[in-house]
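Subject: Handover of a structure

Dear colleague,

Please find the structure below, which I am passing on to you together with my notes. I would ask you to keep it open while you read.

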Amino acid sequence: MSALLKSTKPECALNSGMPVVGYFCSFIPPELLMAGGLYPLRLNGLGVEDSSSGDAYLSHLTCSFARHITAAVLDGHYNYLAGQISINTCDHIRRANDVLVQKSDLGYHGFLSVPRSFRAGLFPWYLEELTRLKESLESYFQVRIIDQKLKQAIEQTNQARARIKTLDLLRRQDPPKLSGAEMLTVTVSARILPAEKFVAIADSLISALKDSEPITGIRGRLILTGGPLDDPRFITAIESQGAHIAGDLVCFGTRGLGMDIEPSDNPMESLARAYLYQTPCARMMSEFPRRFQALMELYRDCNARGIIFQRIKFCQLWSGDAHNLRHRFQENPVPFLVLDREYGTVSTGQIKTRVQAFLEKIGG
Amino acid sequence: MPILGKKRKQEWETVWKTLSDLKMLFAGDQEELALNALMQNIQNFIREQFQKADAGKPAIWYNIGYGPPLIYALGDVNNVPLAEMSALCSIIGDQADTEALIDASEAAGYSAECCSADKAGIGAVVKGLYPDPCCIVGINTPCDSQVAAFQAMAELRNKVPVFPIDVPPYDDDRTLKYIAGQLAEMIPFLEKNTGRKMDWDRLKEVCQTVNRTSEYLWQWMEWRSLSPTLQPSKLCAFTMVLVIALLGSPLGENIARGLAEDARKKAQEGAKYFDEKVRAIWYQDPVWWDIQLYDWMEAELGLVIPMDIFGFYASEAWIDIASKDSILFGLARLLVNCGPMSRQFRGTMKRYIGDFMYLHQRFQADCGIMAGHIACKHAWGGIGLFKEACKKAGIPLLIFEFDMFDSRILTRKELQFELKRFTNEIVIPQKARLARKS
Amino acid sequence: MACRARKKLRKGPQMSYFKSQQELEQVIGGFLRIFPKMEPLMREAIGHKKMALKLELSDPDLTAEIDFTRSPLEIRFKTKAEGAIALTTTADHFHRLLLGILPIGPGVNHKQILIRGSVANLMSGVALFYLAPTIYPFFLESIGRKDLILPGKRPPLHGEKILEDKMTKIVSPLAFLLGYALGLLKKHLAKNLDIVAALESMGKGLISATGQSLEESKS
C-alpha cells in the first residue's frame with residue numbers, strides 16, 4: 001500500500017524516460033499513448049493547495065478540480081509534461097483546455113470530442129476521433145502507433161483491470177480486507193503508474209492481503225457514487241465513522257477504467273467500444289437509466305444499506321444526477337446522502353457529522 | 001383571464017392577461033412596429049399551443065439550444081421549449097411566478113447551480129404547466145446545464161422516448177455533417193412518436209420561412225449598427241426567443257419583419273428621445289427580470305446596447321433547399337452556428353472572443369458589459385482570457401455576477417450602481433481622452 | 001447601407017407647469033389625496049391587486065406612494081419605500097399623463113416615463129392612468145386650476161380593448177351614454193356638478209350592490 005501511495009507522486013512519471021502526456025478524462029484510452037511509447041498520466045490536482053492561477057482564468061464560479069489542475073500546470077507542478085489531451089467532458093474541462101492551450105508551455109495539445117449518447121449511430125464519430133488523436137500523437141511525437149503495440153498495451157491494461165477487480169472483491173467481501181480509502185488509492189495509482197508497474201505492486205498487495213486480518217467494527221456498508229474523486233482522505237473521513245465503502249462508481253475509482261477488451265483484429269475499434277460503452281458518467285445525456293441500473297446492481301451485489309453521492313461544487317452534470325436519483329428514490333426509497341465538496345480540501349468535521357447521522361438513520 | 005374560454009393554471013392566466021394588457025397598451029402607439037409585432041405574435045404562439053393541447057395534438061419538449069423547424073415540418077405538433085415559462089413569466093408575466101418556479105424546481109431537488117432558465121422550466125414541469133410530451137429532444141449546446149436539464153426532463157417523464165443530439169465543439173464541415181446525420185436519424189424517431197409523417201415539401205416551406213426570417217434579422221442588425229441606434233435597447237435580445245420557439249413559423253417571420261421595419265423606420269425618421277453617450281455590447285444574458293432597466297440605462301445614462309449576444313444572428317443561417325441533404329446540413333449549421341450562445345459557447349473561447357470583437361467593431365461600441373449569469377460556467381470559465389483580450393484591445397469591460405431570471409442574486413439597485421459607475425467613471429472619461437488625442 | 005438620419009430631438013414643454021414644489025403638492029398631491037374617495041373604482045381598475053405604486057416626480061420633486069396593500073388605501077408622501085411598481089418622470093410629463101395628452105405607452109417608449117416592477121403588476125397599475133384623464137380635469141376645475149387643463153388632441157390611451165364578456169359588451173356603451181349625459185348636464189345646466197363626488201358615489205354603489213369588501217380579490 002505504501003508503494004501505491006508513493007505512486008501518486010509524480011516521481012514515477014519523471015523517472016520513466018518517456019514523454020509524459022497528461023489527460024483529463026476516462027474516455028481517453030491510455031492504451032493509445034502506451035502503444036506510442038508515451039507515458040499516460042491522468043491529470044489530477046493532488047497535493048496542489050493553491051489554485052490561484054486557475055481561479056484567475058477560470059473564475060471562482062467553476063469547478064475546483066479544473067481550477068486546481070489548471071493551476072498545477074501553469075505553476076509548474078507538471079513541468080515534466082510533454083503535452084495534454086482534453087475532451088468535451090464538461091464546460092469546466094473545455095475552458096481549462098482553452099487556458100492550457102493559450103497560456104501553458106506544453107508542446108502538445110490534443111482534443112477528443114466524445115458523443116453524449118450510446119446511440120449506435122454515434123459510434124463511428126468516436127472511432128474517427130480516436131483515429132485522429134492517434135494520428136496527431138504520431139505526428140507530434142514522431143512515433144508509430146501500430147496494431148501490434150496496441151494489442152500489447154491492451155493486454156497490459158487488461159491485466160491491470162484484472163488486479164483491480166481482485167482487489168475490489170477484497171474490498172467488497174464481508175468483512176472486507178481493504179477499506180474504501182485504500183481501494184481509491186489503488187485505482188488512482190492505476191491511472192498514474194505504468195500498467196506493468198501497477199500490476200507488480202498490485203500482485204504484492206493481493207498476496208499480502210491474503211493473510212491479513214479483515215476490517216472489523218463496520219456500522220454500515222455503503223456505496224459511493226458521483227463525480228471525480230481522487231483524494232482518499234475524503235473516504236477516510238467517511239469511513240472514520242464506521243462506514244465502509246463497499247463499492248464505488250466514481251471517476252478515479254472503479255468507474256472509468258474502460259471495459260475488458262477481447263483480443264481482436266481491429267484493436268482501435270475494440271478500444272473505442274471499451275471506452276465509449278463503459279459505465280456512463282453524468283455527461284452522457286441519455287444514459288441515466290443505465291447509470292442507475294449499474295448503481296443499483298452494485299448496491300445489491302455489495303449488500304449495501306445506503307448510498308453516498310458526492311460531487312464537486314458547481315458541477316451541473318452531477319448535480320443533475322442527484323436530482324434524478326432523488327426522483328427515482330421517491331418510488332423505491334434507498335437511503336441516500338448527498339455531499340457537496342470543494343476539490344483540494346476535505347471538510348472532515350462536516351463529513352463526519354453528516355455520515356454519523358446517516359449511519360444512525362440507516363440503523364448503523 | 002381564461003385562455004380560449006377555459007380556466008388554466010394561474011401562471012398561464014397571468015401571462016395571458018398581462019400579454020393582453022401589454023398588447024392593448026402598445027397598440028395605442030402605432031409607431032412601435034416591433035413591440036406590436038412581438039406582442040401579437042407571441043400571443044398567437046401561445047394561443048396555437050393551447051389550441052393544439054386542447055385538441056390532444058402531440059407535444060415535443062426540447063431544451064434551449066434546439067430549435068423548432070423540423071417540428072414545424074411535422075404539421076400540427078406542439079413545440080414546447082423547456083424554458084418557455086421562464087421567459088414568459090419574467091418578460092410578460094409576473095416575475096414572482098418565475099421565482100416561484102425556480103424555487104419549485106429546487107424544492108424538487110434540482111440543483112440551485114443550474115441555469116435559472118432551466119430551473120424555472122423544470123419548475124414548470126413539476127407544476128404541470130406544459131402539455132405532456134410524446135417525446136423529448138435534447139441537445140448539449142450551449143452548456144452543461146442543458147445536459148442536466150435534458151436528463152431531468154427525461155427522468156420526470158421517464159416513460160417517454162428521448163433523442164439526444166450530440167454537438168461537438170468543433171467548427172468545420174465534418175462536424176456539421178455529423179449533426180446533419182443525427183437530424184436525419186431523428187426524423188423517424190419523431191415520426192414514430194408523433195404519428196406524423198415528415199413532409200419534405202412542408203419542410204422546404206419551413207426552411208424558406210427561416211430564410212426570409214434570417215434576411216429580416218440581418219437587415220435589423222444593419223439598422224441597429226448605425227450610430228445613434230434609435231431602436232430601443234430592450235428589443236435587442238428577442239432574437240433568442242424567436243430562434244428557440246418560433247424559427248420556421250410565420251409568427252417568427254412576422255416578429256423579425258417587425259423588428260427590421262421598426263429599426264429602419266426609426267433610423268430614417270431620426271427621432272431621438274435621449275442623448276446617446278455610450279454604446280456597449282452586452283455580452284451575456286439580458287436582464288429578463290427587468291426589461292425596463294434598459295429604458296433607464298438609455299434615459300439616465302445615455303447607455304445604449306446596439307447589440308447583445310442574444311440578439312446577434314450570424315450570417316451562416318441560409319438554408320439551401322435544393323436537396324434533403326442540403327436542407328439537413330443547413331438546419332444543422334443553423335442550429336449550432338447561428339443559435340445565440342450555442343454559436344459562441346459550444347467551442348473554444350476563440351469564437352466567443354472573436355464574435356465580441358466583431359460586434360464591438362461592427363456596432364461601433366465603446367465598451368463591453370459581461371453580465372455574468374452565474375450558471376454560465378462556459379462563460380465564467382473563459383473570463384480570464386476574455387479580460388485579457390479586452391485589455392489588449394483597449395476595450396473597457398464591465399463584469400458582474402447576476403442571474404437573468406432571478407432578481408434575488410443581484411438587485412436592480414446594485415445593477416444600476418455598477419452600470420452607472422462604469423459608464424460615468426470609466427467609459428465616458430476614456431471616450432473623452434481618446435477624442436482629445438485624435 | 002447609407003442613410004442620413006434627420007436628428008430631431010423631441011423636447012418636452014419649454015416651461016414647467018408648476019412653479020414650485022408647493023404648487024406641485026397642491027395640485028398633483030391634492031389629486032392623489034382624493035384617490036381614497038374613489039377607492040372601489042381604483043381597486044377594480046387594478047384588478048384588486050394588493051400592491052404599492054411609487055411615484056417619483058422631478059422638476060419640481062415629489063415622491064408619493066399609493067398603497068393598495070392597506071385598506072382603506074393609503075397615500076403617503078416623501079416616502080422612502082420602494083413600492084412593488086414605480087413610475088419615474090418629470091412633474092410636467094406626469095401632468096400631461098393625467099390629462100391624457102401623454103399616453104403611458106408612448107411615454108414609456110419615448111423615455112419620458114420610466115417604469116419599474118414586475119410586468120404583470122405594472123399592467124395592473126397602468127390601468128389607473130386609463131381612468132385618470134376622466135377624473136383629473138374635473139379635479140383641477142374643483143380646485144380652481146382650470147388654467148392647467150391643457151388644450152390639444154388627446155391621443156388614444158391604448159389600443160382597442162377586446163371585450164370578451166358579453167355583459168361588458170352591453171354595459172360599456174350604456175356607461176358611455178351615462179357619462180355623456182353627465183357631461184351634458186355639467187356643461188349646460190349644472191356647471192358646479194362635482195364629477196369626483198359622483199364617481200365616489202358610483203364606487204360606493206358598486207360595493208353596496210356586489211357586497212364585496214375593499215379587500216376581496218377578483219375571483
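**The model**

This is a predicted model, in which local features need pLDDT of at least 70, side-chain atom pairs count only at pLDDT 80 or more, and totals for chains, interfaces and linings use all residues. Residues are numbered from 1 along each chain as its sequence is written, chains are lettered from A and ligands numbered from 1 in the order in which they are written, and side-chain values use heavy atoms, with hydrogens and water left out. The term pLDDT is the predictor's confidence in each residue, from 0 to 100. The model scores ipTM 0.96 and pTM 0.93.

Two pairs of chains touch, and the most contacts are between chains A and B; a contact means heavy atoms within 4.5 Å. No contact joins chain A and chain C, and their closest C-alpha atoms lie 29 Å apart.

**Chains A and B**

At this interface, 52 residues of chain A are in contact with 53 residues of chain B. The area buried between them is about 4,300 Å², with carbon and sulfur atoms giving 52%. Buried area is the accessible area (1.4 Å probe) that two parts lose on being put together, summed over both. On the side of chain A, the residues that lose the most area to chain B are A:Trp125, A:Met285 and A:Gln316, together 19% of what that side buries.

The rule finds six salt bridges across this interface, a salt bridge being a side-chain nitrogen of Lys or Arg within 4 Å of a carboxyl oxygen of Asp or Glu. In one salt bridge, the side chains of A:Arg311 and B:Glu113 meet at 2.6 Å, N to O.

Which element gives the most to the side of chain A that touches chain B? It is H14(A), with ten residues. Helices (H or I, at least four residues) and strands (E, at least two) are DSSP runs, numbered from the N terminus. By class, this side of chain A has 19 nonpolar, 16 polar and 17 charged residues. Here Ala, Val, Leu, Ile, Met, Phe, Trp, Tyr, Cys and Pro count as nonpolar, Asp, Glu, Lys and Arg as charged, and the others, Gly among them, as polar.

**Chains C and B**

This contact takes 34 residues from chain C and 41 residues from chain B. The area buried here is about 3,300 Å², of which carbon and sulfur atoms give 62%. There are three salt bridges between chain C and chain B; C:Lys111 and B:Asp295 meet through their side chains in a salt bridge at 3.4 Å, N to O. Nine residue pairs are in polar contact, both at pLDDT 80 or more. H5(C) supplies the largest share of the side of chain C that touches chain B, six residues. That side divides into 17 nonpolar, eight polar and nine charged residues.

**Chain C itself**

Chain C has eight helices and six strands. Of its 219 residues, 46% count as buried, where buried means under 20% relative accessible area, exposed over 50%, and partly exposed in between (1.4 Å probe, protein chains only). The mean pLDDT of chain C is 81, and 84% of its residues reach 70 or more. Over residues 1-12 of chain C, however, the pLDDT is below 50.

**Two local sites**

B:Arg346 lies in the loop between helix H14 (342-345) and helix H15 (349-362) of chain B. Is B:Arg346 buried or exposed? At 6% relative accessibility, B:Arg346 counts as buried. Its side chain reaches the backbone oxygen of B:Pro168 at 2.8 Å. Beyond its neighbours within four places in sequence, B:Arg346 has contacts that include A:Arg94, B:Tyr170 and B:Asp171.

Helix H12 (residues 267-276) of chain A is largely enclosed by the rest of the structure, because eight of its ten residues are buried. Among them are A:Leu271, A:Tyr275 and A:Leu276. The buried residues of H12(A) pack against helix H3 (30-35), H7 and helix H8 (147-172) of chain A.

Technical notes:
Polar contact = N/O pair within 3.5 Å; in protein donor to acceptor, adjacent residues only side chain to side chain.
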